[in-house]
Amino acid sequence: MYKEKQYEVSQFRHERDSRLIGDMMQNEAAEKIFAWAGKEGLEDIYRGMYEMSCVAVTEENLPEIAGMAKQASRMFGLRQIPRIYLRRGYEQTIEIGGLANPFLVVSSDFLELTAEEDPRLLSGMIAGRIAGIRAGHGKGMMLFWILETLLGYLPIPAFLVKGLEALVNEWNRCRYFTYDRAFLLAEGDYALAQRSLFIQILPGEILDRFALGSPKDRYTPQADRFWEGLGAEGAIRTLNSLRMDDPWIPERYRELKKFRETMGRDGYDGTVSA
């Protein structure tokens with residue numbers, strides 16, 4: 001269940017997320033890309049792909065999911081509840097799309113998984129993505145989609161785009177730090193928030209043995225070895241060079257642990273250490 005609390009963006013947006021998306025939006029190539037996208041009507045095309053091929057969630061067909069989105073929107077200060085689309089076989093759990101009017105795409109496979117595992121995993125992840133929309137992630141995801149799928153069509157010099165690509169690639173991973181924080185704030189369950197990082201990687205009965213987020217957490221020694229083996233700077237360089245998301249889990253795990261340590265017993269205390 002959601003707590004009846006409301007949060008400002010500064011209370012959940014990760015510092016690296018904030019810095020990187022700020023740098024992206026001020027980048028000359030990004031300004032040109034958004035102008036070109038608006039001229040070509042790309043947002044309508046992007047949304048149309050999901051409207052034609054997915055099922056839109058409503059209070060009539062899936063009231064529990066619609067209710068999760070409504071409560072999360074109120075919690076994280078989003079005035080307009082985003083539309084949600086269900087898609088079978090979607091490779092992500094939940095993703096943000098759109099620009100002026102961001103929406104969510106939810107994997108139906110993930111929906112089935114959380115129904116069996118714990119429905120709070122779904123509500124927590126919906127909350128995380130809605131917090132992301134509040135933090136301006138719609139623009140970031142639109143840039144990511146354009147660079148991933150339409151790079152060869154951009155009427156912009158390659159040398160300008162190259163710098164933007166590096167920013168977007170790093171931000172695309174750091175945005176998850178914000179989602180994880182919002183998950184914890186919404187659900188108030190640290191062990192569940194840590195479990196959400198692994199839910200698509202290992203079955204629940206295996207995760208149970210790791211006691212994630214508890215005093216007997218068996219994953220922490222493994223994560224510590226990762227950081228000690230490479231060193232902080234070496235680890236960041238290694239992670240930034242990878243295109244896959246899974247290797248970023250040790251850093252997400254560590255960042256969520258740091259955030260939890262800034263929270264008072266009754267929830268967020270208003271300060272986050274850098």
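Helices (H or I, at least four residues) and strands (E, at least two) are DSSP runs, numbered from the N terminus. The model is predicted: local features need pLDDT of at least 70, side-chain atom pairs count only at pLDDT 80 or more, and totals for chains, interfaces and linings use all residues. Residues are numbered from 1 along each chain as its sequence is written, and side-chain values use heavy atoms, without hydrogens and water.

Just after α4, Gly77 adopts a positive phi of about 75°. Helix α4 itself covers residues 63-75, 13 residues in total. Its first and last C-alpha atoms lie 18 Å apart, close to the 18 Å expected at 1.5 Å a residue (1.5 Å times one less than the number of residues). Buried residues (under 20% relative accessible area, 1.4 Å probe, protein chains only) in α4 are Ile65, Ala66, Met68, Ala69, Ala72, Ser73 and Met75. They pack against β2 (84-87), α5 (108-117), α6 (119-134) and α8 (158-187).

Helix α8 also packs with α1 (residues 15-26), at an angle of about 145° and with axes 8 Å apart. Axes are lines fitted to C-alpha atoms over the stretch in contact, and angles run from 0 to 180 degrees between N-to-C directions. Contact means heavy atoms within 4.5 Å. Among the α1 residues that meet α8 are Leu20, Ile21 and Met24; the α8 side includes Leu164, Trp171 and Phe177.

Four strands form an open, mixed sheet in the order β1-β2-β4-β3. Pairing requires at least two DSSP bridges between two strands. The edge strands, β1 (55-56) and β3 (94-97), each pair on one side only. β1 and β2 pair in the antiparallel sense over two bridges. Val55 stands opposite Leu86 in β2.

Terms used:
Buried < 20%, exposed > 50% of the residue type's maximum accessible area, 1.4 Å probe, protein only.
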